[in-house]
Amino acid sequence: MSSKITRTSTIAELRKLACSLGFIATNTEWHLFGSVNRNDPNPSDIDLMIFCRDDKQADDLREAIDLDAFELPLHLSLFTYEEADSIEVTSIQNSTAVLTVDSIGICK
């Protein structure tokens, strides 16, 4: 039997993932959107955007993150900060920044 998926439990799992990635995740910002972010009672997936320094970091994260590691399917979108800003993706998706990883790998 699966446990109840909540926004809080998902953020905790994402924090573990981000912290485990070490240098690959430095200077990133992680945003939830969709049903989990709204804390809907029965989400069908996890919608996650990660803002990255550059395309290389996005490629490295894409390779490092196991999309099947969560109880729900993970739909991952990666953007450079510049791309995210230019298309105003946070407004379009009504996303919420749920964690950042600073320049030395500390998850906040």
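Where is Leu-17 found? Leu-17 sits in helix H1, and point 2 comes back to it. A few notes follow; keep in mind that this is a predicted model.

1. **The main core.** The largest nonpolar core has 25 residues. Trp-30, Ile-50, Leu-61 and Ile-65 are the ones with the most contacts inside it. At least two residues of this core come from each of helix H1 (7-20), strand S1 (28-33), S2, helix H2 (55-64), S3 and strand S4 (96-101). As background, nonpolar side chains tend to be buried together in soluble globular proteins.

2. **Leu-17.** With a relative accessibility of 16%, Leu-17 counts as buried, because the limit for that label is under 20%. Leaving aside residues up to four places away in sequence, Leu-17 touches Trp-30, Ile-65 and Phe-70.

3. **Leu-61 and its neighbours.** Which residues does Leu-61 touch, not counting those up to four places away in sequence? The list is Leu-21, Ile-24, Ala-25, Thr-28, Ile-50, Cys-52 and Leu-78.

4. Gln-57, Ala-58 and Leu-61 are the buried residues of H2. They span an arc of only 100 degrees around the axis, which places them on the same side of the helix.

5. How many aromatic pairs does a search of the whole structure find? It finds two. In one, the ring centres of Phe-51 and Phe-79 are 6.3 Å apart and the planes are at 80 degrees, so this pair is edge-to-face. Phe-51 is in strand S2 (residues 46-52) and Phe-79 in strand S3 (residues 74-80), so the pair ties together parts that are 28 residues apart in sequence. Both Phe-51 and Phe-79 are buried. In the other pair, the ring centres of Phe-51 and Tyr-81 are 6.2 Å apart with planes at 75 degrees, so that one is edge-to-face too. This pair links distant parts of the chain, with Phe-51 in strand S2 and Tyr-81 in helix H3 (residues 81-86), 30 residues apart. Phe-51, Phe-79 and Tyr-81 together form one aromatic cluster. Buried or exposed, how do the ends of the second pair come out? Phe-51 is buried at a relative accessible area of 4%, while Tyr-81 is partly exposed at 34%.

6. Elsewhere on the list of ring contacts, Arg-53 lies over the face of Phe-23, at 5.6 Å from the ring centre.

7. **Cysteines.** The count comes to one disulfide. Cys-19 and Cys-107 form it, with their sulfur atoms 2.2 Å apart. Cys-19 lies in helix H1 and Cys-107 in the segment after S4, so the pair ties together parts that are 88 residues apart in sequence. Cys-19 is partly exposed at 39% relative accessibility, whereas Cys-107 is buried at 15%. Cys-52 is in no disulfide; the nearest cysteine sulfur, that of Cys-107, is 14 Å away. Cys-52 is buried, with a relative accessible area of 0%, and is among the residues that Leu-61 touches.

8. **Two backbone angles to look at.** Most residues other than glycine have a negative phi. Asn-27 has a positive phi, near 60 degrees. Asn-27 is in the loop between H1 and S1 and is partly exposed at 29% relative accessibility. Asn-94 also has a positive phi, of about 55 degrees. Asn-94 lies in the loop between helix H4 (89-93) and S4, and counts as exposed at 61%.

How values were computed:
Residues numbered from 1 in each chain as written. Predicted model: local features only at pLDDT ≥ 70, side-chain atom pairs only at ≥ 80, totals over all residues. Heavy atoms only, no water. Phe/Tyr/Trp six-rings, centres within 6.5 Å; stacked < 30°, edge-to-face > 60°. Helix = DSSP H or I, 4+ residues; strand = E, 2+ residues; numbered from the N terminus. Buried < 20%, exposed > 50% of the residue type's maximum accessible area, 1.4 Å probe, protein only. Lys NZ or Arg CZ within 6 Å of the ring centre and 35° of its normal. Core = buried A, V, L, I, M, F, W, Y, C linked by side-chain atoms within 4.5 Å. Contact = heavy atoms within 4.5 Å. Disulfide = S-S within 2.5 Å. Arc of directions from axis to C-beta.
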